[in-house]
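Work through the exercises below with the sequence and coordinates at hand. Each task is followed by a stepwise solution.

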Amino acid sequence: WLGVFYDPINSGWPEAWIEFQADGVVTLTGNQSGSASMIGSNRAQYIKWTGFTLNQALSSYSFGIATANADNVWYEGNTIIGEHTVFPGGQQDNHPGIMIHGPRTNDCTGGISNITIRNNSISGFTGANGRKDNGITLYCLGENILIENNDIFDNHTGINAKSNYIDNHNINIRKNWFFNNQGNAIAMQAFSDWHVYQNIMESNGTGFLFFNTIYFVGETKPHHVYVANNTMVGNTAGIYFKSLCENMSDNHVVNNLIIGSNAIITDYVSCTMPENMGVDDVRFDWNFYGISGEFYQGVASWNSWQSSFGQDADSTYDIDPLFVDVARRDFRLQSTSSAR
């Protein structure tokens, strides 16, 4: 188990959670000589942490300032601040603000479930580790994960969902604001049954990364992932495909506003040919593209994307969506917008 400095012993009940709530501005500190996450739960269930300020500079920090290794843990209204560097001890594998980590088994049997992350501000987790420096890390999930209404910014990656060996159910990521993350707003490796909707992804490296890792050769992952109704503005690209695209199935990218340079990019290894990514693997439609660069970088123009790939039959390309005021980050649509 991962160490947690403030680690509850007792569990609550479904109708009576144990809640730790800050009264005013409360900045927690941890044991500087040890190595532990600051708050969370290793074993106790029905635990809620609300309203605290957590700063990596005031923590011994191990695999996330906040962590959950048990079901039924809730984070709401916390401010979590990284140091823009890898944490002490030379650990290079994980440098997140919040670490949600299921069973430490090779197959994730009995993945962690019933986690809520809501209304938090998470920033400053960068370093030399790429997408492993991130706002939230998800590992070995089960079902019923809700991540909503968070501001996740100035990290390398907003949410990094690492390898998952079992199928998931009811993973919802909605109404978050991802901005100025160097890599991806969301990077998802080999998960299933995700619903990613009504998020704003602004000025990140890319918006959403589909990634079937080497651990799942021959399996259909990711599958049943819905990326819908998101606003992606000023990213390097909206959607990124990385590795083993032919092993995906029944994913959907629909009804998004993708405004910026490239609509789609790839790693150029196994996602470059149309036959490696058909409509049965991932279906694009009803999207609104305002593109200033290539459509599908190095792979397809807008016309060939429709004719050769059979994608985006009902989508719109290269038209200004007429946001109310981009300079003020007001991404509502004007009344005359054709995106309506």
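**Exercise 1: the nonpolar core**

Task: find how many residues the largest nonpolar core has, and which have the most contacts inside it.

Solution. In this predicted model, the largest nonpolar core holds 63 residues. The residues with the most contacts inside this core are Ile-186, Trp-194, Phe-208, Phe-210 and Ile-239. By strand, E4 (residues 47-55) gives the most to the core, with 4 residues. Next, take Ile-186 and leave out residues up to four places away in sequence: among the residues it touches are Trp-194 and Phe-208, and also Ile-159, Ile-173, Phe-178 and Met-201.

**Exercise 2: strand E3**

Task: determine which strands pair with E3, and in what sense.

Solution. Start with E1 (residues 4-6), which pairs with E3 in the parallel sense over 2 bridges. Then turn to E5 (residues 66-68): 3 bridges join E5 to E3, and the two run parallel. Here Gly-40 has Thr-67 of E5 as its bridge partner.

Task: is strand E3 largely enclosed or open, and why?

Solution. Buried means under 20% relative accessible area. Of the 5 residues of E3 (residues 37-41), 5 are buried, so the strand is largely enclosed by the rest of the structure.

**Exercise 3: the whole chain**

Task: summarise the chain by secondary structure, burial and contact range.

Solution. Count the elements: 1 helix and 29 strands. For burial, 57% of the 340 residues count as buried. The accessible surface is about 13,300 Å², with 48% belonging to carbon and sulfur atoms. Finally, consider contacts between residues at least 6 apart in sequence: 79% of them join residues at least 24 apart.

Note on methods: Residues numbered from 1 in each chain as written. Predicted model: local features only at pLDDT ≥ 70, side-chain atom pairs only at ≥ 80, totals over all residues. Heavy atoms only, no water. Buried < 20%, exposed > 50% of the residue type's maximum accessible area, 1.4 Å probe, protein only. Pairing = 2+ DSSP bridges. Contact = heavy atoms within 4.5 Å. Areas by Shrake-Rupley, 256 points an atom, 1.4 Å probe, with all protein chains shown as cover. Core = buried A, V, L, I, M, F, W, Y, C linked by side-chain atoms within 4.5 Å.
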